[in-house]
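Trainee: Could you take a close look at one part of this model with me? I'd like a single connected walk-through.

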Amino acid sequence: MKRCFWVDEKSEIYTKYHDEEWGVPKYDDRELFELLILESFQAGLSWLTVLKKREAFRKAFDNFDIKKIINYDESKITELMNNSEIIRCKNKILATINNSKIFIEIQKEFGSFSNYIWGFTNNKTIKNTTGEIIVSSPLSDKISKDLKKRGMKYVGTVIIYSYLQAIGIINDHDKTCFKY
């Protein structure tokens, strides 16, 4: 079975993520929120690093319960900064709290975050048929710009492109991949 070039076939967690999750359309706001937060923590690191810490992130961030995260205070931030099981970057932790509040505002405005994010493509998945490896697009530029305008942090165009791949808005599997 042929997979995308980036998958380390020796890594069970990576192959499982690729085979079962990456590029599969997601509409559940909790899942969309989790992946948005994980993508922001990935900035400057490898996705494999984040995947290996995913369960620790879930535990540390109350299973990505947005209603809890919006109320994180200094003691919770200190607790997270002392948690060696996750990526400890204060700016990313603060961005998570900030982005949680904006995520809720978007949910209120659009009925759900899913409606918001999928609305950029009229609920359609975009398939990369060029075979080119790209890290951003006019779509990720547009969404990044809108999220930043709303006040989100760590949502640059490269992070958003990666996010769109993860949640299935962009199907970027290699043409030779069995998931293409």
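In which helix is glycine 119 found, and what can you tell me about that part?

Mentor: Glycine 119 is found in helix H7, residues 113-119; helices here are DSSP runs of H or I with at least four residues, strands are E runs of at least two, and both are numbered from the N terminus. Keep in mind that this is a predicted model, where local features need pLDDT of at least 70, side-chain atom pairs count only at pLDDT 80 or more, and totals for chains, interfaces and linings use all residues. Residues are numbered from 1 along each chain as its sequence is written, and side-chain values use heavy atoms, with hydrogens and water left out.

Back to the glycine. Glycine 119 is partly exposed, at a relative accessible area of 41% (buried is under 20%, exposed over 50%, partly exposed in between, with a 1.4 Å probe and protein chains only). Its C-alpha atom is separated by 28 Å from that of glycine 44, which is 75 residues away along the chain.

The whole structure has 15 aromatic pairs, and phenylalanine 113 and tyrosine 116 form one that is tilted, with 5.4 Å centre to centre and 45° between the planes. Rings of Phe, Tyr and Trp (its six-membered ring) pair when their centres lie within 6.5 Å; planes under 30 degrees apart are stacked, over 60 edge-to-face, and the rest tilted. Phenylalanine 113 and tyrosine 116 sit three residues apart in helix H7, so about one helical turn separates them. Phenylalanine 113 is buried at 0% relative accessible area, and tyrosine 116 is buried too, at 3%. Ring pairs also link both into a cluster whose members include Phe103, Phe110 and Phe120.

On the H5 side, Glu74, Ile77, Leu80 and Met81 make the contact, and on the H6 side Lys90, Ile93, Leu94 and Ile97 do, where contact means heavy atoms within 4.5 Å.
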